[in-house]
Structures are given as C-alpha cells and as structure tokens.
2 protein chains.
Amino acid sequence: MSVIYERVALIGLGLIASSMAHAMRRAGLAGHVAGHARSAGTRATAQRLGIVDSVHDRAAEAVAGADLVVLAVPVGAMGAIAAEIGPALTPGATVTDVGSVKQSVIDAVAPHLPAGVHFIPGHPIAGTEQSGPEAGFASLFDNRWWLLTPLPDTDVGALSRLGALCQGMGATVDCMDAAHHDLVLAVTSHAPHLIAYTMVGVADDLRRVTDSEVIKYSAAGFRDFTRIAASDPVMWRDVFLTNKEATLEILGRFTEELFALQRAIRTGDGDMLHDYFTRTRAIRRGIIEAGQDTDAPDFGRVRTP
Amino acid sequence: MSVIYERVALIGLGLIASSMAHAMRRAGLAGHVAGHARSAGTRATAQRLGIVDSVHDRAAEAVAGADLVVLAVPVGAMGAIAAEIGPALTPGATVTDVGSVKQSVIDAVAPHLPAGVHFIPGHPIAGTEQSGPEAGFASLFDNRWWLLTPLPDTDVGALSRLGALCQGMGATVDCMDAAHHDLVLAVTSHAPHLIAYTMVGVADDLRRVTDSEVIKYSAAGFRDFTRIAASDPVMWRDVFLTNKEATLEILGRFTEELFALQRAIRTGDGDMLHDYFTRTRAIRRGIIEAGQDTDAPDFGRVRTP
C-alpha cells in the first residue's frame, strides 16, 4: 500500500494509538508518525520501543505540520487537548479521535478547531482489557469495524482519505450519526461494561463468601466478567459520564428485564426461562456468522499451565 | 496411572460426561465405561464416536455392576433418574453427580438410593458454552477445581477413591458444605449467567437499535456476554429453579450495587466510578495469579479470519 498521510500525529500513546502506529507501519500508510503522551513515563516507553518515529513533550509540537491528527486520550480529556493543539494545526489537516462516545467529543472538540481543519470523529470497535503503549499490536483492527460519525458539512475528500487509512489498518469502515452511535454502543459495550464492573464489585464485597473463594472457584461466567472489569478505569469513568443518557436508558431497560427473570425464578416459571435462554443463543450464532467472534469453545481461550 | 474403578456408568452423555470419558481413557482410570443418554440421537453419536465402551438404551442397564455411577443430567432431572436406577445399583457402589447446584440434588437423589451405596455429590468447575457428546474433550478438567460436597456420614474410603479419580482426570479436589457451595456458585457462576442472558435479551429486544447492528458492531463487552448466554437452556433453567434462594439473594445485592453506580453516573460522581473500577481490576489480577485464567489479552482469543 502507499502513503496516505505524510505526517500523522498521535495524541495519546495508549493501546489504540500504539496499535495504530504498528498497523500504519505494517502497511506503510504514513510518511512520519509523531507521538505525544501527557505522562513522561509513557513517552519514554514509546521512545524505547520505537513505536513512533518521533516523540514530543508537547502536543502542539507533535501536531505541527501533520496532515492527520488523532486524538487518542480518554473522552473526558478531549476538550482540553483540542484547546491546546487548536492554534498549532495546519490548515487543510484532518483531526479525528478514537473515543468510545461521539456526541460529547464533538461538543468538546469542535469549538477549538480553526476553520479549514476537517474534523471527522471516529471509533474503532476494537481493544483488549490491557492498556498503555506496550499493549498495542498491529493486527488489533483486522476485521473489526471502524465507525466514523462525520458532521453534516464534512468534506467528502477528507472523509474518504481517512476511511482509506482505517481500511489500510485492516478495519471495515462504516458511517453513522453520532447520537445513533452512542445508543448502539451503550447496548453493545457501555452497559455490559458497567454490569460486569458491578458483578465483580458485588463478589468483592461479599462477606460470607471470602475473596479467596471467589477467586479460587471463579467459574466461566465470573472469569469472563473479570476480564471486562479489568479495563482502564479512567477511560471507562469518562465513557459513563459522557454517554450518561443512553447508558442510563439501557441500564433501566436491563433492570426491568432482570426483574422479569427474577420473578420467573421466584415463581418457578421454567418455560419463560427456557424460552428466553433459547432466544439469546440465536444472537451468539449471528455474531459468529457475521465473523465478529470465534466459534471455538471458550473463545479458544489459552489454557493456563 | 492405574484403574480406580472397574466399571463406571455415565448417565447422560453431554459435554461433562463425554469429557470425563475422554479424561478417564487418557489416564486409564476405568476398566470399562458404560454410557446411557435419554435421547436416541445422543446415544447414536456416542456410539459412532466411540466415546464410551458400551452404550445402553436403559439407565438401569448401564449401572448394573458399576462401582461408580455418575449422574450427568440437568439438575432438574436428577431425582427421576435416581428413582429409575436405585433398584439396579450394586451394594458398595459410589454414586456421584456433576450438577451445578448441590443441595437440591441431595434432596432429590438421596431418598432413592439403597443402603450400602455411597452418595457423594460433586461439581467440576469446568465447561464451555457448547453442549452434547461431540463437545467433550480430555483436557476439560485440567487445572480446574472439582468440588465435592460429602454428607456427614460419608465413607472416607469412598470419598478418597472418588477424589483420586477427579485428580486423575486433571482436576484439583476440594470439599465443602452443600449450602456454602450453592452460595459461592451463585456469586461466581449463576448470577453472572443470568445477568449475561438478560443483557443479551435486552439487546435482542431493542427496537431503535436493530438486531443486525447489535450483531455487526458487537464490541468486547457484549460479545463476551453472548458466549455465556449461548449456554444450554435446559441446564440453566434448572440451575436457577433449584438454586433459587442464593441466586435471588445475589441478584438483589447486584441490583442494589448497580443502582449505586447508576446514581454515580447520573450525579457525575467520577471519583466513585474510578475507585470502583480500580478495585475490580485487582480481582482479575488475583484470578490470573491463582492460575484460573490466562493473562493473554482478550483471553488469547482465536482471531476470526
């Protein structure tokens, strides 16, 4: 593949940004990749591992001369970083982000960008429970969706160029409205994360069942929840605070449904439970058929020695 | 290893029983393994795959002459099958089960067993989301716990012999009281399963977010839930109906906690969310350190092509 952007600036050097650096290098999509992270430790790690071509102490330095700027910081930090880099952006440059919430990022970032800069919010539906520059890898986006939520006046040329970059990194690109994105993700990601955090917190709290037993006898259900509940606390705090309405709506719906199932358990309504559990099985089959998960038992999970 | 039981009868030939057959064969733990399943299709599959040494149309036939009988049917079917095989059991034989709930199995099975038969309830903490005789494999129990919940008058010799079999299949054995087992498993398995089923059901129901989008953009959280929610409907219906009190207690605790987190989201209490998410991370580390899950990102999940 050929170079799509001459100079890409990654603001934030965590799992997503470092994976982008690896994926762009794999396919030769960027002439030069500049990186900035707020933490000196993260910058040193990125330097040591050679993840980007240049590491900068200041975000404004990193974006100077860049034709693509990627904001890859927690959603709650997007506004401040946009204010910081706004004056240093090159006219004609594209700014995108990788935040898990889109409307609040648009509200926070757009006012700080000068005219002549293309702002195209984005969200790769990819990740692991690990974080930081050492967690990144080139194939993270392979066969995953990269959602873009362009604004009504988005330049078509800038949009297709960014889309080509995402595809070059292995992803499939789709566009949607920011509000719709935030609702879809509340269902498929935000609510499930809060629920997993909650269940693991409950287990941690339980006094009669000691911690060591919960860990020792952690069965399939709970083990899976703990992986999700090991995700980055700052990132997820910001997701919930900025996608408040959609998350609370889905959680309300979830509680209603949970109460209906609890009632079926209490009254011994086995048919209701059986029908419900049969219906949910079909969703799993759909996800596997759509190529979005493996059909290997237990995810083909690596066995502990 | 040497033969521990001359003749083992597996009643039910699903994931757990067929994995036991493979694991016993791997280590040469049984002289002869007889099998019975209610469904003719399952019996034919077991026969075709050669999972057991003999397949029997009637459960009473399978247990005749066996020194170990394993009840591996859904928890709700344990009582009826015990009534059926009771008169055919050999004096001195051991009867165990692999149900996910222990007190209700004891209540349902014990009355049907003749004097002179050792009843030692058990539960291997192992499984995948798949079911049926084709889903079994020899290493399912490797490095997993096998919990036994012996009754107060259990014969020590019979107990240690069964424990040796479980160890021979790769598991580590622990004993506990049935009621305590049911509470621990309500936390680590039963409540998480109901929650996963509920969340997947909510997603299925949502009208504004179409099914195809939920499947298409299924992100980490939701994908993991769908695996759990693809578990066998009959098995799980029976688990909830028979471990009703403990499950409802944990779900009540869960809802209380979920409401506290929802309130933190609504009021914008970021510190509370951050502290909570940091605490749950520690549980994951504990499980990995205890060797009960892999530290590979995303479980080392097999990547879809």
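1. The expected span of a helix is 1.5 Å times one less than its number of residues. Helix 12 of chain B, in this predicted model, has 20 residues. From its first C-alpha to its last the helix reaches 29 Å, close to the 28 Å expected at 1.5 Å a residue.

2. Which residues of helix 12 of chain B are buried? They are Leu273(B), Tyr276(B), Phe277(B), Thr280(B), Ile283(B), Arg284(B) and Ile287(B). These residues lie on the same side of helix 12 of chain B, because they cover an arc of only 105° around the axis.

3. The face of helix 12 of chain B that is turned away from the buried side carries the exposed residues Asp271(B) and Glu289(B). Just after this helix, Gly291(B) takes a positive phi of about 75°.

4. The contact between the two chains takes 99 residues from chain A and 99 residues from chain B. On the side of chain B that touches chain A, the elements giving two or more residues are helix 7 (178-205), helix 8 (211-216), helix 9 (220-228), helix 10 (233-242), helix 11 (244-267) and helix 12 (270-289) of chain B. Helix 7 of chain B gives the most, with 20 residues. By residue class, this side of chain B divides into 51 nonpolar, 27 polar and 21 charged residues.

5. In chain B, six strands form an open sheet with parallel pairing, in the order 3-2-1-4-5-6. Which strands of chain B are the edge strands? They are strand 3 (54-56) and strand 6 (118-119), each of which pairs on one side only. Strand 3 of chain B runs parallel to strand 2 (residues 30-36) of chain B, and three bridges join the two. Within this pairing, His36(B) has His56(B) in strand 3 as its bridge partner.

6. Turning to chain A, strand 1 (residues 5-11) is mostly covered, with six of its seven residues buried. Six bridges join this strand to strand 2 (residues 30-36) of chain A, and the two run parallel. Ala9(A) stands opposite Ala34(A) in strand 2 of chain A. Four bridges join strand 1 of chain A to strand 4 (residues 68-71) of chain A, again a parallel pair; here Ile11(A) stands opposite Leu71(A).

Key: Residues numbered from 1 in each chain as written. Chains lettered and ligands numbered in written order. Predicted model: local features only at pLDDT ≥ 70, side-chain atom pairs only at ≥ 80, totals over all residues. Buried ≥ 20, exposed ≤ 12 C-beta atoms within 10 Å, placed from the backbone. Pairing = 2+ DSSP bridges. Contact = placed C-beta atoms within 7 Å. Nonpolar A, V, L, I, M, F, W, Y, C, P; charged D, E, K, R; others polar. Arc of directions from axis to C-beta.
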